[in-house]
Amino acid sequence: MHVLKSRAARGVVALGLFVLVSVPLAHASAPSAAETKAAPAKLDATVETLKNGLKVILMEDHSVPVVSRWTFYRVGSENERPGITGISHFIEHMMFNGAAKYGPKEFDRILESNGGYSNAFTSEDMTAYYEDFASDVLELCIDLDSDRMKSLALDPKFVVSEMGVVKEERRLSVDNSVEGAMYEELGALAYKAHPYGWPVIGWMSDLEKITREDAVNYWKTYYAPNNAILIIVGDFETKKALALVHKYYDSVPSQAPPERVRTVEPEQPGERRAEVHKPAEMPQILVGYHIPEVTSNDIYALDILQYVLSEGESSRLYKKLVRDLGIAVYAGANASWNIAPALFIFDVKARPDKTAAECETAVYGILADIAANGITPAELAKAQNQVSANFYRSMQTVNGKARKIGTYEIYFGDFNEILKVRDRYRAVTADDVKRVANIYFAPKNRSVVTLVPEA
Amino acid sequence: MKKMLFLAVAAMLAFLPAIAGAETGAVKLPPCTEYTLKNGLKVFIMESREVPLVTIQLLVGAGSAMDDPGAEGIANLTGRLLTKGAAGLSADQIAGAIEEIGGVVSVNTGRDYATVDGDFLAKDLARGLDIMGKVVLSPDFPKDDVDREIGLVVAEIQGAKEQPSATASREFVRALLGDHPYAHPVDGSEPSVGAMTREKVLDFYQKRYVPAGAILAVVGDVDAAKAFDIVKAKFDGWKGEAAKAAAIPALAAKKSVGRSLVVINKTDATQSQIRIGNVSVARNTPDYFPLLVTNSVLGGGFTSRLMDEIRVNRGLSYGARSGFNHLKAGGFFGVYTYTKNKSLRETIDVALEQVRKIRDEKISDTELAKTKRYITGLFPFDIERNGDLAGWITDLTYHGIPLDFVEGYCANVDRVTPDDAQRVAREQMWVDNDLILLVTNYDEVKAQLGGLGEARVIELDQVK
């Protein structure tokens, strides 16, 4: 219980490089072996693409008299270049600072005074905006969002003050955070070519230099209806909501489709290592292995492996490092979901009297064991049941449903993949898990960041 | 600036017809049945059938305020050890039994009470209750696990020092409340936890983990009568009355008089964490809603005064908020923000000016109406999940507040007047009698601290 709750502030997801939207299994779904309810073949949603290219997905849910409205844009830090790193996240902030119809400060004032809450996040692959509100203010939220999609002001005075806010966010989450500094180092180490190597929040020197003109050009290129998906989930009538969508978004002009990232990260030729020296209480390591993009079929076996390794206290990492050997305070693993090939990351905090090297050796021992002997049928069944239960947990709120629809649209181009993914998790075998462990956890495929605590 | 403000109000009014028909206070709870077992355990079953899940939450009066003197953190350690061996099952077996069915069980200790929280697929209700019954009624506290967990907690306390925000919040409460049972961090200190033993844990468990005063909520896709039968089978055999303990003394006596300034010196900090506040009132205060609304004007949401002045107008921080923490025997109020070292004093002054203003000037009808609508519009999101509902049930019941509090929430928010708001601001939001706590690089900022009183400087490595 903390005395002063720090509620998530806007853009808070841009914390580290990979902690962003890549919480794959919380967004994924899979059946439990004992699942009795038959999965529907399709989600009950209405889909329409406007003439300007905006894809609209509406799903009614009348369980509570509230609505969650989201706009996802296909833009993230991968679309940046050296010199303007962090500009995607900066635009995310500026989207709350005024457009043609509703000027600076009005977005939040009007929304909050009508009982709504808004926030947004930026990742390597996407930028997403949402409002949660009572059912009766849907039109207002549509009006507010279409205004900034059509005519963002990027008021010079607010460009300056908002950059101050973003720099404080960077000081909070990276410069004064051991964790944040280490994730930033891992990105810079693991990627030699692909833009996933720079931090979503941007390098401080770029934040100092980004101009209003940079922002205007970037916004024009990426903030077009044909580069966006609109999702509304909650207590509304589809027919009426669709009429409102047409009324406000039809007049937003489309733009030339932006260029997609061309660079492909080359195969890593050997192990890479880096150190972070910082005042800290205990040693810590991050180990990242390159894995394929989210649409690869291997992702499901890697996700199952992530569960076996790190979900709960019966997981391999916890049992070995925290309990049996007593060398770590925390040991986690995360398989990234990204549009382009990304990383499977191990994150271990050593006990203060133990070393980073001991932890590293223990992690490699577990990986070697799985590569040689695979996982047990009980571990596979457990992981599939955990995936299934977490799917329902993420679908308890209108916000959670809308968020899942949007991320699946970004990753797969079709939110109906939410249900197909269930079958893919069910199809994963122990042999698949063993196979992917052998392919991806090779020593030359890894990048290791070690924290060297200083007094 | 003027023009902008005018436009905002005009635009707001344009939408008033849309909201005029909205019923505030139309929040309805799903049906809930209440039972009491012979041993005193209160049981609530709420049928909420949207997803095939069930949440089980058990509240026990075993918070850190009950820690034995010199054993700060014993409540938290005891809670963590419940799942590390029970009814002859090892920690691994317990974790396996929970996780093989996709379940999650955690024990969360706060200042007033601890909760054992379970979440399962609804079809696994009986298995979930069986495991939770075992860990609550029959923990074994194996010696090896006790020793390991002590080591982990000590390491975690050390690790928290790496996080300026967590350190600021921990040390703010400690400095504000002195030797009160609410003062120490819930997880204790390095020396107090380091000195714990299995015997002390067992003793605490026997005194505090008792059915008298405990509250169990089951919320989800279940049938109330069937669920109650399972609860009864698992928890009827739980015995015990809480050992007599001195009542938690009222916090009011700890209120700061005059200003004190405490600095935690973190020599590599490029950003300063700021906490400002004082002792406040308990959860059962009749001013709960006036305080809620007034605080929201000052420091809730993206349009609060603190957010507007510190973040939006000046770009000094990424976050600025204020809040009340109401506990059983008192509470505290605090302002929370952070900024680069160079702008530390400017940010403190802006924050203090806003607290002063809300005391000195009555909030306008427009601003109050906006804030109330913000709170009531979002309230339905606070009862969306099974876990939210279970939390309301156990917390309200613990504080002796009927569950219709939830359904009357919005109407009570709407009743708050500008006079109420100014009265509670003057009573509970202090500016000259307060504690200012900073986590910062002292050498770099000390020239800015003139006029705030003499700083008590604590080196980070002295924080335990």
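## Helix H11 of chain A

On the face of H11(A) turned away from its buried side sit the exposed residues A:Ala357, A:Thr361, A:Ala372 and A:Asn373. The model described here is predicted. The buried residues of H11(A) are A:Ala356, A:Cys359, A:Ala362, A:Val363, A:Ile366, A:Leu367 and A:Ile370. Viewed down the helix axis, these buried residues fall within an arc of 135 degrees, so they line one face of H11(A).

H11(A) covers residues 356–373, and at 1.5 Å a residue its 18 residues should span 26 Å; the end C-alpha atoms are 26 Å apart, which agrees. After the helix comes A:Gly374, which has a positive phi, near 75 degrees.

## Packing around H11

Several elements of chain A pack against the buried residues of H11(A). The helices are H10 (316–324) and H15 (430–440). The strands are S8 (284–291), S9 (328–335), S10 (342–350) and S11 (446–454).

## Two domains of chain B

Chain B is assigned domain 1 (32–235) and domain 2 (250–462). Their C-alpha centres lie 28 Å apart. The contact between them takes 34 residues from domain 1 of chain B and 29 residues from domain 2 of chain B.

On the side of domain 1 that touches domain 2, the elements of chain B giving two or more residues are strands S2 (42–47), S3 (53–60), S5 (114–121) and S6 (215–220), together with helix H7 (164–177). H7(B) gives the most to this side, with eleven residues. By class, this side of domain 1 of chain B has 18 nonpolar, ten polar and six charged residues.

Definitions and conventions:
Residues numbered from 1 in each chain as written. Chains lettered and ligands numbered in written order. Predicted model: local features only at pLDDT ≥ 70, side-chain atom pairs only at ≥ 80, totals over all residues. Domains from an automatic or database assignment. Contact = placed C-beta atoms within 7 Å. Helix = DSSP H or I, 4+ residues; strand = E, 2+ residues; numbered from the N terminus. Nonpolar A, V, L, I, M, F, W, Y, C, P; charged D, E, K, R; others polar. Expected span 1.5 Å × (residues − 1). Buried ≥ 20, exposed ≤ 12 C-beta atoms within 10 Å, placed from the backbone. Arc of directions from axis to C-beta.
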